[in-house]
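This report covers the fold of one protein chain.

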Amino acid sequence: MLNYKTFEEDIKKARELGKPCKIMVASEEEAATIVTWQEINDFLNSGQVDFPRVRLANSSNAEMLGYRGFLETRLTKSGYNLGRVRKKAFLDKIIRGSSIIIDRCMDYFPNTRTINDFAESALLGKASSNLYCSWSNSSSFGWHFDGHDVIAIQIQGSKKWSFKEPTFEYPTNSDKSFLMEVPQQETCFELRIEPGEAVYVPKGYWHVVETLTENSVHLTVGINKARNLDVLSIIEQELRRHAFFRMDLPDKISPEYVINFKEQLMASINEIDLDQAISRAKFESCLDLADAKINLPNLY
Ligand SMILES: [Fe+2]
């Protein structure tokens with residue numbers, strides 16, 4: 001379906017470039033088969049829709065993100081909370097400018113699972129994919145940045161992506177752009193993305209996306225690779241072995257206590273094999289990747 005060999009090479013080149021760029025991934029016909037409207041309709045009509053995994057977003061109406069009125073949920077005898085989409089409420093919100101977002105769509109649409117797992121193996125990072133369906137009058141988010149790298153593959157219709165340079169470099173998923181001020185700087189560049197093309201967006205780049213055609217479907221694959229911060233959690237695990245760090249903090253903190261704390265910390269960190277800690281952080285971040293999945297009856 002996708003030309004995985006060139007896709008992998010192009011993503012790696014884009015990562016090295018460190019700037020948003022366009023990548024060709026498939027022909028228009030091939031892109032249309034990644035997820036079809038029929039599959040999306042079948043899923044939405046399945047009666048097994050979950051909120052907020054499936055949600056509506058509208059940048060001019062922030063409350064839409066918490067809106068669950070389009071779903072009629074019922075608890076099954078086995079305790080599952082299943083939802084049936086209320087057609088009128090759902091379509092009414094879309095007509096008024098909302099987009100549909102399906103989080104972790106790779107669990108529902110097999111081709112998106114293939115792409116998601118490929119991205120994990122190629123980039124050695126945890127991937128998660130979301131599907132966005134939008135109409136020409138809709139804008140799901142205003143200016144924002146993401147705390148992970150994104151590869152957005154256009155499946156149907158066209159979108160315009162506009163970018164501004166990062167103002168907070170290498171954000172994590174806990175650094176929320178909606179709590180920060182959108183920079184006043186001019187848009188640094190724009191890309192028009194057609195079916196079969198993808199845009200690579202490094203974490204931290206401000207972006208806004210507009211639908212240029214009557215409707216649009218695109219798949220975003222978010223990639224989370226191990227960071228230097230992950231080494232700190234390995235260091236923390238090592239520090240837990242020392243009785244000093246397990247002690248209660250004193251009620252009153254004296255200057256001597258602070259000096260002693262610093263000495264204990266430095267001495268303990270000096271004892272840690274950092275080479276091993278970094279390798280462990282990298283290894284642990286890959287444990288859940290697609291390659292590491294259970295493959296019974298093979299036990300090894
Ligand atoms: Fe985004």
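## The sheet

Seven strands form an open sheet in the order E1-E10-E7-E12-E6-E5-E2, and their pairing is antiparallel. Strands (E, at least two residues) and helices (H or I, at least four) are DSSP runs, numbered from the N terminus. Two strands pair if DSSP finds at least two bridges between them. Strand E1 (21-24) and strand E2 (54-57) are at the edges with a single partner strand each, so one side of each lacks a neighbour in the sheet. From one strand to the next, the twist averages 25 degrees.

Strands E7 (residues 149-156) and E12 (residues 215-224) run antiparallel and are joined by seven bridges. In this pair, Gln 156 stands opposite Val 217 of E12. Helix H5 (residues 110-123) packs on the sheet and touches strand E6 (126-135), E7 and E12. The direction of H5 makes about 140 degrees with that of E6. Angles run from 0 to 180 degrees between N-to-C directions; axes are lines fitted to C-alpha atoms, for helices over the stretch in contact.

## Model and numbering

Residues are numbered from 1 along each chain as its sequence is written. The model is predicted: local features need pLDDT of at least 70, side-chain atom pairs count only at pLDDT 80 or more, and totals for chains, interfaces and linings use all residues.

## Backbone details

The peptide bond from Phe 51 to Pro 52 is cis, with omega near 5 degrees. Pro 52 lies in the loop between helix H3 (37-44) and E2.

Arg 104 is not a glycine, yet its phi is positive, at about 45 degrees. This residue, Arg 104, sits in the loop between strand E5 (99-102) and H5.

## Domains and a helix pair

The chain is divided into domain 1 (4-224) and domain 2 (228-292); the bounds come from an automatic or database domain assignment. Their centres, taken over C-alpha atoms, are 36 Å apart.

The axes of helix H6 (residues 228-239) and helix H9 (residues 274-285) come within 8 Å and cross at roughly 110 degrees. That makes H6 roughly perpendicular to H9 (a term for 65 to 115 degrees). H6 contributes Asp 230, Val 231, Ile 234 and Ile 235 to the contact, and H9 contributes Ala 277, Ile 278, Arg 280, Ala 281 and Ser 285. Residues are in contact if their C-beta atoms, placed from the backbone, lie within 7 Å.

Conventions: Angles under 35 degrees count as roughly parallel, over 145 as roughly antiparallel, 65 to 115 as roughly perpendicular and the rest as oblique. Two residues are in contact if their C-beta atoms, placed from the backbone, lie within 7 Å.
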